[in-house]
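Hi there,

Here is the structure I promised to pass on. Have a look at it first, and then read my notes below.

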Amino acid sequence: MIKKIVFISTSNSSINVFLKKLISSLINQKIQVSVITNSIPVNKNRIKNVKYYKINLHRKINFIYDFISLILFFKLLFILKPDLSVSITPKAGLINSIVTKIFKTKSIHFFTGQVWYNKKNFYRFFLKFLDLLTFKLISYPFADSISQINFLKGEGFLSKNITLINNGSICGVDTIKFKKSDNYNKLLRQQLSIDTYSTVIGYIGRLSNEKGTILLLNAFKKLCTNNNNLTLLLVGLDEDSILDLVSKNFSDLNIKYFNFTNEPENYYKIIDIFCIPSYREGFGLSAIEASASNVPVVASKIVGLEDSIKDGISGILFENGNLHDLINKLESLIASPDLSKSLGLNGRKRVLKYFKEKEVINFLSKSIIKIIN
């Protein structure tokens, strides 16, 4: 009898970025896969042989919409009758855990960072309660970093074992696709009108305050007072009107922006220093993508990022939210190309040892097959 698995997420981009290769691997093993997200993707973004269903899942809390989503997911699971339901993103995890508990269906939730990590007072308590409810109801909790597991346990998530995904990361890195290319560097710099000798500081990911984008802009502005040969490259979806802020307060600086891309590997090839100044992360996929591309990383010293880079080996950690410390760490790499090169080389070696895509996918695929059998 054919086994059936449902994947649910508030965003189809989360499915494509983090779970596409895993889903394809499961399909190759004759498993029927359905995906439930807030939108059905166009044909070119669909995973082959996957059935898609739409539920208007919103990332932010809305009790009316969320209750409707819960009912719709209940109906879908009643129709699909999966052997396993897998969720990613907090809202999808909560809905998945409640409905599968009612149906007594096996379930997995991937914990990839806590929304409440840097929140305070009642808001933190409420969001933590929702995550704790998901944790209590879900059959098999997985997490993408060891520091996240330790954080969760320290916050009272103790009733069951949390499975670490391989050595960390939910999908690993394709080290063939993400690699250094000096020829491509020169060609793309010409196309983007970036000077050959300009030091490019790059960020790839969602542009938002919680991701530290504003902190990075302020650091870059300060760096430019002493160095006019710098370029800031921002690539990703603008979620908090960051571009409006750039046009008002940073228009005199050499800042290049490009929207969300399905080919981030091309941009890593022209970046000299990658910066991920997030206030919270689950692991930090972009950090190991940069490392695989021989790019040194400057990152916040927080849960998750402490695992994706090794401080002083593949990159440098700075004190979370500390503008002065971020500037100092970026300056140290700008001033020392040899140090940058060494960190970049070490970073790729570390990715090859711990975070290869094939090994992460094999781990997850085997874990899921074991659960459904």
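Which helix holds both Phe122 and Phe125, and how many residues apart are they? Both lie in helix H4, 3 residues apart, or about one turn of the helix. Please keep in mind that this is a predicted model.

Now for the aromatic rings. The structure holds 16 aromatic pairs. One of them joins Tyr117 and Phe151 edge-to-face, with 5.2 Å centre to centre and 65° between the planes. This pair links distant parts of the chain: Tyr117 sits in the loop between S5 and helix H4, while Phe151 belongs to helix H5, 34 residues apart. Tyr117 counts as partly exposed because its relative accessibility is 23%, and Phe151 counts as buried because its value is 15%. Phe122 and Phe125 form a tilted pair, at 6.3 Å centre to centre and 40° between the planes, and both residues are exposed. Tyr117 and Phe151 also belong to one aromatic cluster with Phe111, Trp116, Phe135 and Phe157.

Next, the sheet. It is open and has 7 strands in the order S3-S2-S1-S4-S5-S6-S7, with parallel pairing. S3 and S7 are the edge strands, each pairing on one side only. Strand S2 pairs with S3 over 4 bridges, and Ile36 has Tyr53 in S3 as its bridge partner.

Last, the inside. The largest nonpolar core has 59 residues, and Val33 is among those with the most contacts inside it. Beyond its sequence neighbours within four places, Val33 is in contact with residues including Ile5, Phe7 and Ile23. Apart from this core lies another, of 29 residues, Leu207 and Cys224 among them.

Enjoy exploring!

Notes:
Residues numbered from 1 in each chain as written. Predicted model: local features only at pLDDT ≥ 70, side-chain atom pairs only at ≥ 80, totals over all residues. Heavy atoms only, no water. Core = buried A, V, L, I, M, F, W, Y, C linked by side-chain atoms within 4.5 Å. Buried < 20%, exposed > 50% of the residue type's maximum accessible area, 1.4 Å probe, protein only. Contact = heavy atoms within 4.5 Å. Pairing = 2+ DSSP bridges. Helix = DSSP H or I, 4+ residues; strand = E, 2+ residues; numbered from the N terminus. Phe/Tyr/Trp six-rings, centres within 6.5 Å; stacked < 30°, edge-to-face > 60°.
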